[in-house]
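Open the model in a viewer and keep the sequence panel beside it. Each stop below says what to select and then what is there.

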Amino acid sequence: MISVTEMQICLGSSCFSRGNKDVAVFIKEYLKKHHLEDKVVFRGARCMGNCTNGPNLSINGKIIEGINLAGIESILDRELAKLK
Ligand code: FES
């Protein structure tokens, strides 16, 4: 069975202005580079109601808080390891 990973990045105004704008670009590039575009559905999301702990990313419904450009690659390496 092929299961698709759903990944949503919060593009609500708080998360967007605190770095998710650039992190979203990085994630798109990352998925392309690792040939994961058909295994991961990546979308922008509205405010997740968790601005205080943001910027936020959700992977299969699990929210990962406080993401930033410096740390996102290791998060993706860890979370998507089983897909590679
Ligand atoms: S803007 Fe991202 S949780 Fe509110």
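## Starting in the sheet

Select Ile 9 and look across to E2, where Gly 44 stands opposite Ile 9. This is a predicted model, in which local features need pLDDT of at least 70, side-chain atom pairs count only at pLDDT 80 or more, and totals for chains, interfaces and linings use all residues. Residues are numbered from 1 along each chain as its sequence is written.

Now select strand E1 (residues 5-10) together with E2; the two run parallel and six bridges join them. Two strands pair if DSSP finds at least two bridges between them. Another bridge to show is that of Glu 6, whose partner in E2 is Val 41.

Angles here run from 0 to 180 degrees between N-to-C directions, and axes are lines fitted to C-alpha atoms, for helices over the stretch in contact.

Go back to E2 and colour it by burial. How many of its six residues are buried? The count is zero, and E2 is hardly covered. A residue is buried if 20 or more other C-beta atoms lie within 10 Å of its own, exposed if 12 or fewer, and partly exposed in between, with C-beta atoms placed from the backbone.

Within strand E2, pick Gly 44. Gly 44 is exposed because 12 other C-beta atoms lie within 10 Å. Leaving out residues up to four places away in sequence, Gly 44 touches Ile 9, Leu 11 and Ala 24. Two residues are in contact if their C-beta atoms, placed from the backbone, lie within 7 Å. Draw a distance line from Gly 44 to Gly 12: the residues are 32 apart along the chain, and their C-alpha atoms are separated by 8.9 Å.

## The two helices

Select helix H1 (residues 13-33) and helix H2 (residues 72-79), which pack with their axes 11 Å apart at an angle of about 45 degrees. H1 and H2 are therefore oblique to each other. Angles under 35 degrees count as roughly parallel, over 145 as roughly antiparallel, 65 to 115 as roughly perpendicular, and the rest as oblique.

Which residues meet in this pair of helices? On the H1 side they are Val 23, Phe 26, Ile 27 and Tyr 30, and on the H2 side Ile 72, Glu 73 and Leu 76. By class, the contact has six nonpolar, no polar and one charged residues. Ala, Val, Leu, Ile, Met, Phe, Trp, Tyr, Cys and Pro count as nonpolar, Asp, Glu, Lys and Arg as charged, and the others, Gly among them, as polar.

Zoom in on Phe 26, in helix H1. Is Phe 26 partly exposed or buried? Phe 26 is partly exposed, because 15 other C-beta atoms lie within 10 Å. Apart from residues up to four places away in sequence, Phe 26 touches Leu 69 and Ile 72. Phe 26 and Ile 72 are 46 residues apart in sequence, yet their C-alpha atoms are 8.3 Å apart in space.

## Stops in the loops

Select His 35, in the loop between H1 and E2. Phi of His 35 is near 55 degrees, a positive value in a residue other than glycine. Most residues other than glycine have a negative phi, and most peptide bonds are trans. His 35 is exposed, with 10 other C-beta atoms within 10 Å.

Next comes Asn 60, in the loop between E3 and E4. Asn 60 has a positive phi too, near 50 degrees. Asn 60 counts as exposed because it has 11 C-beta neighbours inside 10 Å.

Move to Pro 55, in the loop between E2 and E3. A cis peptide bond joins Gly 54 and Pro 55, with omega about -5 degrees.

End at Asn 50, in the loop between strand E2 (40-45) and strand E3 (57-59). Asn 50 is partly exposed, with 16 other C-beta atoms within 10 Å. Leaving aside neighbours within four places in sequence, Asn 50 is in contact with Asn 56, Ile 63 and Glu 65.

Note on methods
Helix = DSSP H or I, 4+ residues; strand = E, 2+ residues; numbered from the N terminus.
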